Amino acid sequence: MGTPNFNRRTALQGMAALAGSSLLPHAAWAKTAYPSKPVRFIVPFNPGGATDIVARVLGESMSKRMGQPILVENKGGAAGMLGTDQVAKAAADGYTLALSLSTSLMINQFLYTKMAYNPQKDLLMLSQVASAPVTLVVHPSVPANNMKELLAWVKANKGKVSYGSWGVGSYAHLGGAYMSKTTGAEMTHVAYKGEAPMIQELIGGQLQLCFSSAQNTKAFIDSGRLKAIGVTGRQRMTVLPNLPTIHEQGVTDEAYAIAGWVAMAAPAGTPKDIVDQIYAQVRESAKDPKVQERIAGAGFLPMFSSPEEFAKAYAREMPVWKNLIELAEARLD
């Protein structure tokens, strides 16, 4: 009678072992920690710019918490679309993320007739990291000290005023075109390859006004070589606390109340648990004083919105940008 008991016991042990061996790989897979290898931040602009600075300080902070390196790669070109397209086509596993501007994540879809990716379908908007308002500055010879005075002046000087931008479809172009159309000023748009040459031309008097980042205008505002009129968006800049927004000056057009932004995006289809883990690290890094300081120093306002908050903001702002581009008649191939 001992043998049957032994066989039954052996069989049960064997079945348990078999069950355990078949379940083990699944259990190990289910508990695989993220991240288990380095994460890449693709910045679709050249090194040294404000977006690149934000990506590096945020990556450094997040890397310490995640226990893996975060590698920042600059993939500039085509108004941010080359690098963003690389993320859109990457594996949806949380290891390739975009750290970009509203330009490549929102605005370009209305500006370009052809794009290699659809930001609404191919990307998952993960977090708005910072708002990117810009300053409105004029040459000191312009006899206006606030937004209402400036609007009256450009209207009274129909066909005589020139405004600059850092490229067709940039906020500087769209905001200037909106001002021109709504005042009937028929201002001349001059597009430059970057903000630096635009600012030099403004200082030299070849232009009368432009929208530009505080990173490029603050020193000249402080020295009196440029006169500041206001700030876009609804919140004052930390680096220019005494400069009121255009909105708080009583000019409440949505075109001046919106601002560009810096945001993180992942390939569409990235699993929710990974998205949640990434955002949890982003949220913790938001508390890092160094991150806060560098973002503010670039003229940005820290945001760190959740994916759900980002989705709502995206839907709210999309028609405003679309209408601005249509009003400016700005289309590119």
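Two strands are taken to pair if DSSP finds at least two bridges between them. Helices (H or I, at least four residues) and strands (E, at least two) are DSSP runs numbered from the N terminus.

## Basis of the model

This is a predicted model, in which local features need pLDDT of at least 70 and side-chain atom pairs count only at pLDDT 80 or more, while totals for chains, interfaces and linings use all residues. Residues are numbered from 1 along each chain as its sequence is written, and side-chain values use heavy atoms, with hydrogens and water left out.

## Strand β5 and its partners

Strand β5 (residues 135-138) pairs with strand β8 (residues 209-212) in the antiparallel sense, over 4 bridges. Within this pairing, leucine 136 has phenylalanine 211 of β8 as its bridge partner. Strand β9 (residues 227-231) is also antiparallel to β5, again with 4 bridges, and valine 231 of β9 stands opposite threonine 135.

In a regular strand, side chains alternate between the two faces of the sheet. Both faces of β5 are covered: Thr135 and Val137 on one side, and Leu136 and Val138 on the other, are all buried (under 20% relative accessible area, with a 1.4 Å probe and protein chains only).

## Strands β6 and β7

Strand β6 (residues 162-165) runs parallel to strand β7 (residues 188-191), and 4 bridges join them. Serine 165 has alanine 191 of β7 as its bridge partner. Both faces of β6 are covered, with Ser162 and Gly164 buried on one side and Tyr163 and Ser165 buried on the other.

## The six-stranded sheet

An open sheet of 6 strands has mixed pairing and the order β2-β1-β3-β10-β4-β11. Its edges are β2 (70-74) and β11 (301-302), each with a single partner strand, so one side of each lacks a neighbour in the sheet.

Within this sheet, strand β3 (residues 96-101) and strand β10 (residues 260-267) are antiparallel over 4 bridges, and methionine 264 in β10 is the bridge partner of leucine 99.

## Packing of α8 and α9

Helix α8 (residues 195-204) packs with helix α9 (residues 214-223) at an angle of about 25 degrees, their axes being 10 Å apart. Axes are lines fitted to C-alpha atoms, for helices over the stretch in contact, and angles run from 0 to 180 degrees between N-to-C directions. The two helices, α8 and α9, are therefore roughly parallel (an angle under 35 degrees).

Glu195, Ala196, Ile199, Gln200 and Ile203 of α8 meet Asn216, Thr217 and Phe220 of α9, where contact means heavy atoms within 4.5 Å.

Conventions: Buried < 20%, exposed > 50% of the residue type's maximum accessible area, 1.4 Å probe, protein only. Parallel < 35°, antiparallel > 145°, perpendicular 65-115°, else oblique.
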